[in-house]
Amino acid sequence: MDSSVTSSFLFCIKAIKFEYARLLKLAQEDTPPERDYRLHHAIVYFIQNQAPKKIIERTLLEQFADRNLSFDERCRNVMKVAQAKLQMIKPDEVNMEDYEWWHQEYRNFRDTTVCLMVGLELFQKRNFKEALLYLIRAYHKNKELAANGLYRGHDEELISHYRRECLLKLNECAAAQFESGDDQQVNKGLEIMNELIVPCLPLLLVDETEEKDIVAVEDMRNRWCSYLGQEMEPNLQEKLTDFLPKLLDCSTEIKGFNDSPKLPSYSTNELCERFARIMLSLSRTPADGR
């Protein structure tokens with residue numbers, strides 16, 4: 001092996017070790033939510049969640065073996081050495097099913113992040129209908145991730161809070177429309193209740209340990225039950241009588257939503273920037289204390 005090849009090989013090994021040390025340091029840092037290094041690199045996610053070392057090693061080598069990184073002669077040499085080291089990995093050294101599973105877990109984490117981020121952005125724009133659909137999906141995807149480890153997903157309490165706030169604000173809007181007495185507004189309000197609020201109640205009640213969710217459900221039900229003793233037009237009375245049993249049904253049957261939100265695609269940089277921006281702007285202590 002001539003000196004130039006040896007030099008390239010040693011440089012590649014040094015670069016890989018340096019990159020791993022950098023990512024390991026990031027994985028060990030205690031950072032606020034807006035600086036989530038898991039979004040910047042899959043390897044940080046793998047390290048924090050104790051993925052097998054061989055899977056981390058292969059992922060790191062693939063980063064250096066990427067043909068898009070061949071900017072100059074030195075980078076091309078590093079790429080070739082990384083590709084050669086990848087070819088040297090024996091089939092029995094890395095379980096490819098495990099490898100694909102970990103990378104799918106990371107894609108699930110990114111999808112969950114997108115759901116949460118878009119849901120929070122829509123919430124801040126007061127588009128509560130669309131925000132709710134994203135936050136519901138974020139909650140369920142996050143719960144699946146969190147079942148496998150502490151660092152698999154995002155803060156469950158945060159997602160629960162904004163999901164709950166969406167429902168309460170939509171309920172308030174629907175009740176105000178019902179109180180208007182205008183047929184068109186009344187129908188819009190009841191449509192919100194039937195298509196969004198009622199199907200969501202079992203989602204809040206399925207985990208009976210979440211007291212804030214139970215209180216929120218009771219608040220929503222009480223708001224509509226308060227109309228029972230009031231005088232109103234016969235057509236409103238009829239619509240209320242028809243609607244209330246659906247709201248009060250304690251069934252925990254989980255029903256799906258017809259329109260599951262489509263997830264936009266973001267580059268890593270754009271996702272990190274937008275996620276950081278929305279997390280920095282959040283108020284975690286709303287005025288109503290929920």
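Helices, here DSSP runs of H or I at least four residues long, are numbered from the N terminus. On that basis, the elements of the protein chain run α-α-α-α-α-α-α-α-α-α-α-α from the N terminus on. The count is 12 helices and 0 strands. The model is predicted.

The protein chain has 290 residues, and 43% of them count as buried. Among contacts with a separation of 6 or more, 71% are made by residues 24 or more positions apart. The accessible surface of the protein chain comes to about 16,500 Å². Carbon and sulfur atoms account for 50% of this surface.

The largest pocket has a volume of about 510 Å³. Its lining is made up of 23 residues. Closest to the pocket centre are T31, D36, R38, Q48 and Y151. Three elements, α1 (3–28), α2 (37–40) and α12 (268–281), each give two or more residues to the lining. R38 falls within the range of α2 (37–40). The largest share of the lining comes from α1, with 3 residues.

Nonpolar residues number 11. Of the residues closest to the centre, D36 and R38 belong to the charged class, as Asp and Arg do by definition.

Notes
Residues numbered from 1 in each chain as written. Predicted model: local features only at pLDDT ≥ 70, side-chain atom pairs only at ≥ 80, totals over all residues. Heavy atoms only, no water. Buried < 20%, exposed > 50% of the residue type's maximum accessible area, 1.4 Å probe, protein only. Contact = heavy atoms within 4.5 Å. Areas by Shrake-Rupley, 256 points an atom, 1.4 Å probe, with all protein chains shown as cover. 1 Å grid on protein atoms, 1.4 Å probe; cavity = no way out; pocket = protein on both sides within 12 Å on 5 of 7 lines; lining within 4 Å. Points joined across faces, edges and corners; volume = space filled by probe spheres on them.
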